[in-house]
Every structure is written in C-alpha cells, then in structure tokens.
Protein chains: 2
Amino acid sequence: MPKNVLIIGAGGVAQVVAHKMAQNASEFGQLHIASRTVSKAEQIIASVRDKGHSVSFTAHPLDAMDSAAVAALIRQIDAGIVINVGSAFVNMTVLQGCIDTGAAYIDTAIHEDPGKVCETPPWYGNYEWKRREACEKAGVTAILGAGFDPGVVNAYARLAEDEYFDKVESIDIVDINAGSHGRWFATNFDPEINFREFTGTVYSWQKGAWQENRMFEVGREWDLPVVGKQTAYLSGHDEVHSLSARYKDADVRFWMGFGAHYINVFTVLQNLGLLSEKPVKTAEGLEVVPLKVVKAVLPDPASLAPDYQGKTCIGDLVKGSLNGKPGEIFIYNVADHKDAYNEVGSQGISYTAGVPPVAAAILVARGTWDVKKMANVEDLPARPFLELLGTLGLPTRVIDATGDHPL
Amino acid sequence: MPKNVLIIGAGGVAQVVAHKMAQNASEFGQLHIASRTVSKAEQIIASVRDKGHSVSFTAHPLDAMDSAAVAALIRQIDAGIVINVGSAFVNMTVLQGCIDTGAAYIDTAIHEDPGKVCETPPWYGNYEWKRREACEKAGVTAILGAGFDPGVVNAYARLAEDEYFDKVESIDIVDINAGSHGRWFATNFDPEINFREFTGTVYSWQKGAWQENRMFEVGREWDLPVVGKQTAYLSGHDEVHSLSARYKDADVRFWMGFGAHYINVFTVLQNLGLLSEKPVKTAEGLEVVPLKVVKAVLPDPASLAPDYQGKTCIGDLVKGSLNGKPGEIFIYNVADHKDAYNEVGSQGISYTAGVPPVAAAILVARGTWDVKKMANVEDLPARPFLELLGTLGLPTRVIDATGDHPL
C-alpha cells in the first residue's frame with residue numbers, strides 16, 4: 001500500500017518538493033504539507049494545482065519545534081514518510097516525531113542550535129548521530145542530508161568508490177552558482193542562515209585530521225563545464241562532516257564559488273559587526289540583533305526566482321587509484337535557473353536542493369533505501385539514486401578518462 | 001561688563017569650545033554649559049578643571065528643542081552669548097530663545113529637520129534666513145556657521161575678496177583629513193549626521209545656478225601643503241549655500257577627501273538600504289531604523305581621539321582678478337590630531353570645528369562682530385577673525401604669487 005507523505009516547511013525548497021511529489025504522485029499515497037504559517041503551505045498547494053495536478057494534497061498548521069505535535073500529525077494523517085525541509089532548527093524534534101511513530105525521516109541540511117554558530121566537528125556528532133541507536137532500535141529509516149549538497153554530492157563520492165577506485169585519496173566538492181538575479185545584492189536563501197554559514201571557522205578534513213581556516217582565506221580557481229573559470233573558496237559545509245567518517249584516509253574539502261562583490265559586501269558587514277547574532281542597543285535604547293536588520297533590508301530570496309538567469313554547476317572532483325593505478329574523475333550536474341522557475345516556480349538553488357529528497361522518498365517508498373536505520377547518503381547505494389535523479393530533472397554527468405559523458 | 005556665555009551641547013565640539021572658553025576666560029563673564037544629559041556637561045567641566053582652569057563654569061540640564069526652556073535658562077544665568085554646538089536639529093529653537101531674550105547666537109552648522117535629508121537649496125533659506133528680520137528687529141546678533149567649514153573657510157573667501165581680487169571667479173573649498181584613527185572603520189563625528197551629509201543630492205553653485213550631482217560622482221586629485229596628493233569629491237556642504245548668495249557670479253564648490261575604503265563601506269551600506277532613516281520591520285516584527293543600528297555598531301567618535309594621528313588641511317582655492325589681471329590664491333590651515341588631543345582632549349576634526357565659535361564669541365564680546373543682526377561669516381570682517389584664530393591655535397597660511405607664507 002502506498003505511503004502517505006508529510007512535507008514539513010513552506011519555503012522555496014518545500015515548494016520544489018511539493019511540485020516534484022505531485023509530478024510523481026503514483027509513487028505515494030496522500031500528500032500533506034505542514035508549516036507554522038498554514039497560509040504559506042496553502043499557497044504552495046495552490047501553485048501545484050495551477051500546474052494542473054489533481055492529487056490529494058492537504059495543508060496543516062504545525063509547530064515543528066514540538067515533537068509531540070509532529071508525532072500527533074504523523075499519526076493523524078498516517079504518514080509513512082516525512083520530508084523535513086523546514087528551518088535548520090527543527091531537525092531533532094521532527095526526527096523524534098518519526099522515531100515515536102515509525103515514519104521514515106528525510107532531511108536536506110544539518111541541525112542547528114539558534115544560539116550557536118559553527119560547533120565542534122564532526123557536526124553530525126553533535127545532534128543527529130546521537131539518535132542512531134534510537135532509530136535502529138525503532139526500525140526507523142532516517143536519511144540525513146539528502147539535498148544536493150549535502151546529498152547528491154555524497155552519492156557522487158560513493159559512485160566513485162563503487163565504480164572507479166579501490167582507494168579514494170581526495171574528494172573536492174565544488175559548488176558554483178553562475179546565475180544572476182539582477183539585484184545589487186541578495187542571498188539565495190534566508191540571509192540569516194546564509195551568513196551564519198560563513199561567519200564561523202571553516203573546517204576541512206585533510207591528512208586524517210580536522211583543519212581550521214577562516215572564510216575566504218583559501219581560494220582556488222576552477223575551470224568547470226558550462227560555467228567556465230570560477231573562483232571558489234574553502235568553506236564549511238555539512239557533507240565534509242559525514243564523508244570524513246567514511247573516507248577517513250582521504251582529504252575532504254568543500255569549495256563554494258563567490259564573486260568579488262559578494263565577498264566585499266560580506267566583509268564590510270562582518271567587520272562592522274552587522275552580521276552579529278548578539279543584540280546591540282541603539283542610542284534610543286532599542287535592543288536589536290544586527291543580523292536580523294540586515295535580513296530585513298535584503299530582498300526576500302523567493303522574490304529572486306522570476307528574474308533569475310544562468311546556470312549552476314555542482315560536482316565532486318574525486319582522486320584515487322584502482323589496482324594501484326592513479327586517476328581522477330569529476331562527477332557533476334548543471335542546472336538552469338530559468339528552467340527551474342518555469343517548471344516549479346522556484347530558482348535553481350531551491351530546485352537542486354528540493355528534487356533530491358523526493359528521489360530519496362521514492363527510493364524509500366520502493367524499498368531500495370528503506371534501511372530501517374539512520375544513514376547519510378554515502379552509506380546507501382548511489383546508482384539507483386543518481387539514475388532516478390536523471391529522470392527527475394537533475395541528470396548526472398561524468399568527466400573521466402573517456403571524456404565528458406552522461407552517467 | 002563681561003558677558004556670561006552659555007554653551008549648548010556636550011559632544012566632542014562642545015568639549016573644545018569649553019576648553020578654549022576657559023583658556024580665554026578674561027574675555028567673558030561666567031561660563032555655563034547645558035545638555036539634555038547633564039552628566040555629559042559635567043564631565044566636560046571636569047576635563048577643563050583637570051587642565052588647571054579655575055573659572056566659574058556651571059552645568060545645566062536642558063531640552064534645547066524647547067525654545068521657552070532655552071529662553072528661561074538664558075534669563076536665569078543672564079547669558080549675553082549663546083554658542084550652539086548641540087545637535088543639528090536644535091538650531092531654530094535655540095535661536096528663538098536668543099531672539100526672545102536678546103542674547104547673541106553663534107552656531108557652527110546648519111539646521112536640519114530629522115525627517116528630511118537634503119532639502120532645496122539654498123539650505124539657509126529653509127530655516128535660518130527666515131528669521132533674519134526677527135533678529136534685526138530684536139537687535140540680536142546671530143552668527144551662522146562659525147565653525148571651520150562652514151566658518152573659517154567663509155572668512156577665507158572674504159579675505160580673498162577684501163585683499164586680493166576685485167572680481168572673484170571661483171571658490172573651491174577643500175577639506176582633507178589625512179589622519180588615521182587605527183580602526184577598521186569609524187566616522188569622525190556622529191555616524192547618523194555623517195552619513196546624512198552624503199546620502200542626498202550634491203548641490204554646487206556653478207555658472208550662476210544650482211548644479212546637481214550624486215555623491216562620489218565627481219572626484220578630483222588635489223596636491224595640498226603637508227597632506228600631499230589627495231582625492232576629494234564634490235560634496236554638499238552648508239557654506240556653498242551662503243557663499244553663493246554673496247558671490248553670485250563665482251562658481252562655489254565644496255570638495256571633501258575620502259579614501260577608497262570609506263567610499264566602499266558607504267556604498268555597501270547605502271545600496272543595501274542600511275543608511276535609511278525610514279524604519280524597517282524584522283521577521284520578528286520589531287520596527288527599527290537601519291541607520292540607528294549602523295550607528296550602534298560603529299565606534300563612538302569620541303573614543304577615537306587618544307589614538308588619532310596625522311593632520312588635516314582645509315582651505316579655499318580662490319580664483320579671480322584684480323584690475324583685470326587674473327590670479328589665484330590658496331588660503332588654508334593645517335591642524336594636528338595629536339596636538340589637539342594633548343591640548344583639549346579631542347581629535348582634530350572637533351578641534352577645527354570648536355575653536356572658531358570661541359573666536360567669534362570673543363569678537364562679539366569685544367564688539368567687533370556684535371552686528372545686532374543675522375550674518376553669515378563672509379558678511380563680517382575676515383582679518384580680525386583670522387588673526388584671532390592664529391593666536392587661538394588655528395593659524396592661517398596663504399599660497400600666493402609670493403609663495404607659501406603665514407597670513
């Protein structure tokens with residue numbers, strides 16, 4: 001019997017998940033979406049209906065910080081799969097709701113504590129992995145970080161392990177957004193979360209240990225398919241914190257592309273203290289968190305979608321050896337902002353993050369990934385996931401000794 | 001009988017005024033200082049006492065936005081001269097207090113309405129000059145803009161008119177601060193007022209009409225005494241709005257020096273909307289004025305003084321002709337931040353702004369400038385003012401056909 005699905009969250013990524021779910025409704029039972037602000041969930045359902053999908057899709061109000069409320073909703077709608085694309089602060093309560101009810105859990109980003117920026121590595125060890133035993137005991141499938149990065153890039157690493165190398169020496173994940181939104185400055189997702197990613201220590205796994213750098217300290221020019229030459233900077237990112245556990249002997253680094261303009265704006269705001277999450281007091285005595293004011297003056301990321309043009313290229317450069325013979329491959333996807341908007345009403349950054357958890361949900365529904373325990377994406381078979389993503393709009397390409405070709 | 005003096009305001013400029021008043025106490029009767037926060041006025045008196053001055057100096061609490069309260073205090077202490085170095089928003093109420101009591105009025109900057117940025121030129125026509133008739137009728141001496149710029153630079157223009165040219169063709173006022181405070185970024189006076197100066201239209205008087213430019217649109221490299229080659233930008237400033245009335249046939253421009261770093265920070269903040277005086281609402285529903293948050297995160301300008309090093313150069317390049325023979329002169333002052341701090345506990349920007357109104361007050365007390373009506377500085381004899389400033393710590397130098405020499 002097909003499983004009912006509950007989507008938690010109603011932002012740009014949730015919109016993509018909802019559309020992709022509706023496009024693949026035959027894989028599932030009823031569809032549900034829950035958000036603190038139910039009207040945002042209703043708007044997403046309306047945009048799905050506008051595309052002509054006549055699936056069973058229901059909106060619910062939900063405080064996802066309350067695990068009992070999450071469990072109650074799961075039971076009420078008999079959800080077999082929960083896709084958590086809510087704020088980064090609700091992972092642990094939503095996961096608890098799944099453990100308490102037996103529903104499968106899928107998310108796309110690591111848990112964060114609102115009061116802390118950049119905790120001790122590996123980040124998964126601080127929250128998610130502490131619930132591993134509980135998941136296994138309850139027989140609950142919990143797939144962590146099943147977006148694009150983390151997510152698809154973890155599967156790329158696993159593909160290299162499975163099909164190319166018997167020894168993996170380095171995994172360099174490169175994320176380039178060569179698109180343009182036409183605004184003087186904007187962040188592609190919630191400015192608060194975006195800037196929090198870059199104000200802390202940059203952790204990478206090199207020579208078998210955690211290395212620490214500052215943001216924008218280490219830059220490298222990459223020459224990538226379609227997007228061409230781009231400078232990317234060593235950055236802290238979720239997937240480094242799980243891949244480093246599976247590939248202990250390999251260097252694992254994450255590189256994010258930034259233009260000089262982004263770096264300049266970021267540097268000015270950070271040096272002035274305007275990215276601080278600690279309140280300051282104005283001369284008039286008002287207590288205010290500077291970062292929240294910066295968020296208030298910046299464009300709403302969802303508003304960028306209609307004008308967004310250009311492409312993203314995200315991939316893994318994996319170096320290793322097979323039978324002692326060294327080699328390297330680049331496994332990647334190119335996505336287009338305009339195509340994403342035309343298909344699901346979101347820009348490419350939301351599209352690449354929102355399609356993969358739907359692929360994961362299909363694999364859980366089919367049983368392929370229904371592992372009855374907690375897993376990061378690289379712990380699961382990569383090929384079925386990547387092949388499915390090809391049919392869902394995120395095709396994989398590989399540059400290896402034979403050239404640049406589809407997976 | 002010597003006149004009692006009331007200083008209004010207790011910021012960096014007021015501190016300089018207080019010290020210079022105390023140094024020249026024999027010119028006046030009792031000294032008084034009033035501020036909304038009386039403790040700030042008391043601190044200034046304490047710093048004067050620390051320098052060993054045993055003058056009669058009293059602090060008073062005052063809401064300078066209330067003209068009746070201003071008049072009452074003037075009557076209470078029998079003040080004959082009021083030096084207004086409070087916020088730019090109190091000029092009109094303080095002036096009214098003087099008109100109502102007969103006290104002489106001296107200020108250093110133009111009146112501003114907190115809700116408006118950059119009004120129609122000439123700016124003096126919007127507020128101050130509307131009270132000309134009232135001053136004349138009451139026989140009240142009101143000297144407008146008697147700081148350095150406006151103020152001393154207006155007297156430089158008048159000196160050129162009096163002693164060098166029978167036809168003035170252009171007045172270019174150049175203000176270069178080549179000092180360094182050692183902070184990543186700071187403004188030299190209240191950030192709110194500092195940024196307001198540069199967010200509006202840049203008005204200059206050229207070819208007999210008001211010309212409009214944007215800030216940082218027109219830059220020019222200057223090669224000045226002591227501070228050397230410096231880039232300054234056409235900027236809006238008070239003195240252009242009075243000099244253009246006296247020198248209708250001359251071009252009148254104001255140039256302020258800015259480094260690339262200041263311009264970059266300013267540009268980022270302005271383009272993001274963080275210099276706006278209009279409130280925004282955070283995601284949490286808090287209404288807040290972005291500019292006030294920027295002010296809250298920036299260093300307190302007064303805190304810069306101990307570490308401030310280097311020099312300022314402010315002067316007028318005046319071109320004209322005498323008996324049909326064209327010529328040009330540069331009349332200027334060089335001030336030193338460290339010397340200013342050692343003498344009066346303030347940095348050079350406050351020093352150059354705070355010494356001139358004391359010179360003006362001495363000339364009013366002596367009768368030389370006690371004109372019993374409203375006047376801008378260029379309407380008054382320049383030489384006694386400039387000679388007095390030489391003895392008070394702001395010597396004038398002139399570069400003319402004979403070379404670079406003291407006035």
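This is a predicted model: local features need pLDDT of at least 70, side-chain atom pairs count only at pLDDT 80 or more; totals for chains, interfaces and linings use all residues.
Figure 1. The crossing in which α12(B) passes α13(B) is right-handed. On the α12(B) side, the contact is formed by Tyr351(B), Val355(B), Pro356(B), Ala359(B), Ala360(B), Ile362(B), Leu363(B) and Arg366(B). These residues meet Pro384(B), Phe385(B), Leu388(B), Leu389(B) and Leu392(B) of α13(B). Of the residues in this contact of α12(B) with α13(B), 12 are nonpolar and 1 is charged, with no polar residue present.

**Figure 2. Packing of helices α11(A) and α12(A).** Helix α11 of chain A (residues 337–344) packs on helix α12 of chain A (residues 348–366) at an angle of about 65°, and their axes are 8 Å apart. This angle makes α11(A) roughly perpendicular to α12(A). In passing α12(A), α11(A) makes a left-handed crossing. From α11(A), the residues in contact are His337(A), Ala340(A), Glu343(A) and Val344(A); from α12(A), they are Gly348(A), Ile349(A) and Tyr351(A). The contact of α11(A) with α12(A) comprises 4 nonpolar, 2 polar and 1 charged residues.

**Figure 3. Packing of helices α7(A) and α9(A).** An angle of about 85° separates helix α7 (residues 191–199) from helix α9 (residues 260–272) in chain A, with the axes 12 Å apart. The helix α7(A) is therefore roughly perpendicular to α9(A). Asn194(A), Phe195(A), Phe198(A) and Thr199(A) represent α7(A) in the contact, where they meet Tyr262(A), Phe266(A), Leu269(A) and Gln270(A) of α9(A). By class, the contact of α7(A) with α9(A) holds 5 nonpolar and 3 polar residues, and no charged ones.

Figure 4. Superposition of chain B on chain A gives an RMSD of 0.1 Å and requires a turn of 179° with a shift of 0.2 Å along the axis. The two copies are thus related as by a two-fold rotation axis. Both copies use the same surface, since 100% of the contact residues of chain B recur in chain A. In the interface, 27 residues of chain B are in contact with 27 residues of chain A. The buried area between the chains is about 2200 Å², and carbon and sulfur atoms give 79% of this area. Trp184(B), Leu272(B) and Val297(B) contribute 27% of the area that chain B buries against chain A, more than any other three residues.

**Figure 5. Backbone features in loops of chains A and B.** The peptide bond from Asp149(A) to Pro150(A) is cis, with omega near 10°. Pro150(A) belongs to the loop between β6 (142–144) and α6 (152–163) of chain A. In chain B, Pro121(B) and Pro122(B) are joined by a cis peptide bond with omega of about -10°. Pro122(B) is located in the loop between β5 (104–107) and α5 (132–138) of chain B. Phe216(A), a residue other than glycine, has a positive phi, near 70°. The loop that holds Phe216(A) lies between β9 (209–213) and β10 (219–224) of chain A.

Notes:
Residues are numbered from 1 along each chain as its sequence is written. Chains are lettered from A and ligands numbered from 1 in the order in which they are written. Side-chain values use heavy atoms; hydrogens and water are left out. A crossing is left-handed if the near helix is turned anticlockwise from the far one by less than a right angle, and right-handed if clockwise. Helices (H or I, at least four residues) and strands (E, at least two) are DSSP runs, numbered from the N terminus. Contact means heavy atoms within 4.5 Å. Ala, Val, Leu, Ile, Met, Phe, Trp, Tyr, Cys and Pro count as nonpolar, Asp, Glu, Lys and Arg as charged, and the others, Gly among them, as polar. Copies are superposed by least squares on the C-alpha atoms of residues with pLDDT of at least 70 in both. Buried area is the accessible area (1.4 Å probe) that two parts lose on being put together, summed over both. Axes are lines fitted to C-alpha atoms, for helices over the stretch in contact, and angles run from 0 to 180 degrees between N-to-C directions. Angles under 35 degrees count as roughly parallel, over 145 as roughly antiparallel, 65 to 115 as roughly perpendicular and the rest as oblique.
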